[in-house]
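Colleague: I would like to go through this model feature by feature. Please give the general idea each time, then the case at hand.

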Amino acid sequence: IKMIEILFIFLQLLFLIIFFSGPFYFLNLNSFSFLNLNFFDYFGINILINITFLLVCSFFNLKILYIFYSIIFFNLFLLFKNKNLIRNKLKNFQNLKLILFFITCLISISFYLAYDPTLSWDGIEHWFWKALNYNQSGTYENLKNMPLAYYPHLGSYIWGFFWSINPINLEYLGRFFYILIFLIPFFSASYRFGEVKDEYKIIIILILIIFALDRFLLGGYQEFFLFYLFYMFSLIYYTKKNNNNLFLTILIFISSSLMIWVKQEGLFYHIILSLVYILSSRSKIINKLIYLSCSFLIIFLMIEIRKHFHGNFSLNEEFFHSELLRYLNITILIKSIFYISIEIIKGFIKYPLWILIILFFLLDLFRDKKFIDIKYIFFILFISFIFAIYLQTNMDMRQLMPLTLDRILFHGSGFYLIYIFKKIKELTFNNFFT
């Protein structure tokens, strides 16, 4: 790596942090104190809000640099305006070690990517060309001329957005965004340890990051994006359980709805999370109906936008095809379910977060015998979705599953990150380190 690249790597990371530092934290430092959110929770919510803004921008032929510097100056203005309030907050800030460790992780993984910025298969085949389109001032409508035009575009737009802001135009600098949103959930969830010393938090965060980090996914894949959105849904849901707040409901809806613009399976994740919210929320029936209606409305709008700009809406495969009739043969059906189950177990082993999740499930079921809970509702719907995907496909599932199933499992593990930290605290720190 050349010295000039090192300089711009640090500059890019600084720009990323400033870009996503507002508006929530600086503007509403006291307004939402009752929610008991931590620094990284606020940061995650800021990212969610800014991503939503970028999604809207992606449909219009707006200059990326104008958007970028407008947000940078706005956040710096908020910082200056609230400098006294922020200074007072920092005087009482207790988690400096955690912040420094976060910065260390962000820099380390960024240099890890910079050392070998090779794009992986899906990165170059599916997503790079869309990012290049935006890097070269292309429009959303122009995506219809890209390879695999029917794939969603949001991750590629943000990749192209941050690719475009650096003066030396290095493509991999745009992918630092994925590293940022991969790390935020671990540090945000770590605050569920409570008053445990930062040193212990850092050890657990490091172990879990090692469990989850996959160099292959840094090669242009969108998996970290969906992992982050699943985490944000669960974070805001758990926060809302104790605070029946309209703003939180909107954030829950946003975290779910953004998925349909990231990957094709995001459409089904959005439906699953909408069902999870409806089935587990204590809201009134009328509020649930409104939420469900909005969930389907956003799908309808996505389809109509795609039709308007690209002429049609399509997925990888048709939902119904003649090959589905093969499952009338019970032997084929049982074998297929067996093959899928084996690949799911392999995926659990590849991403050990799932091993922890399953172990904690078994422990909770043995202790509490409580079967109706959001974590079980999501698990049943999510795993059922995986079986449905591979039973429905017209392709050879035994060739397809080793390439894709583990990544689907990785997405869903983000939903359980808070649960993992809470269980580790319950089983270890409550007994030995407090």
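Colleague: What percentage of the residues in the protein chain is buried?

Modeller: Buried stands for a relative accessible area under 20%, exposed for over 50%, and partly exposed for what lies in between, with a 1.4 Å probe and protein chains only. By that rule 56% of the 434 residues in the protein chain are buried. Keep in mind that this is a predicted model, in which local features need pLDDT of at least 70 and side-chain atom pairs count only at pLDDT 80 or more, while totals for chains, interfaces and linings use all residues. Residues are numbered from 1 along each chain as its sequence is written, and side-chain values use heavy atoms, with hydrogens and water left out.

Colleague: What does the radius of gyration say about the protein chain?

Modeller: The radius is taken over C-alpha atoms, and the globule rule is 2.2 Å times the number of residues to the power 0.38. For 434 residues a compact globule would come out near 22 Å, and the protein chain agrees because its own value is 22 Å. The C-alpha trace spans about 70 × 55 × 50 Å along the principal axes.

Colleague: Among contacts between residues at least 6 apart in sequence, what percentage joins residues at least 24 apart?

Modeller: A contact means heavy atoms within 4.5 Å. In the protein chain, 79% of those contacts join residues at least 24 apart.

Colleague: How many disulfides are there?

Modeller: A disulfide is a pair of cysteine sulfur atoms within 2.5 Å. The count by this rule is zero. As for individual cysteines, C105 is buried at 9% relative accessible area, whereas C294 counts as partly exposed at 32%.

Colleague: Which residues other than glycine have a positive phi?

Modeller: L148 is one of them, with phi of about 50°; N169 is another, with phi near 55°. L148 sits in the loop between helix 7 (121-135) and helix 8 (154-164), and N169 in the loop between helix 8 and helix 9 (176-190).

Colleague: Why do L148 and N169 count as partly exposed?

Modeller: L148 counts as partly exposed because its relative accessibility is 24%. N169 does so because its relative accessible area is 41%.

How values were computed. Helices (H or I, at least four residues) and strands (E, at least two) are DSSP runs, numbered from the N terminus.
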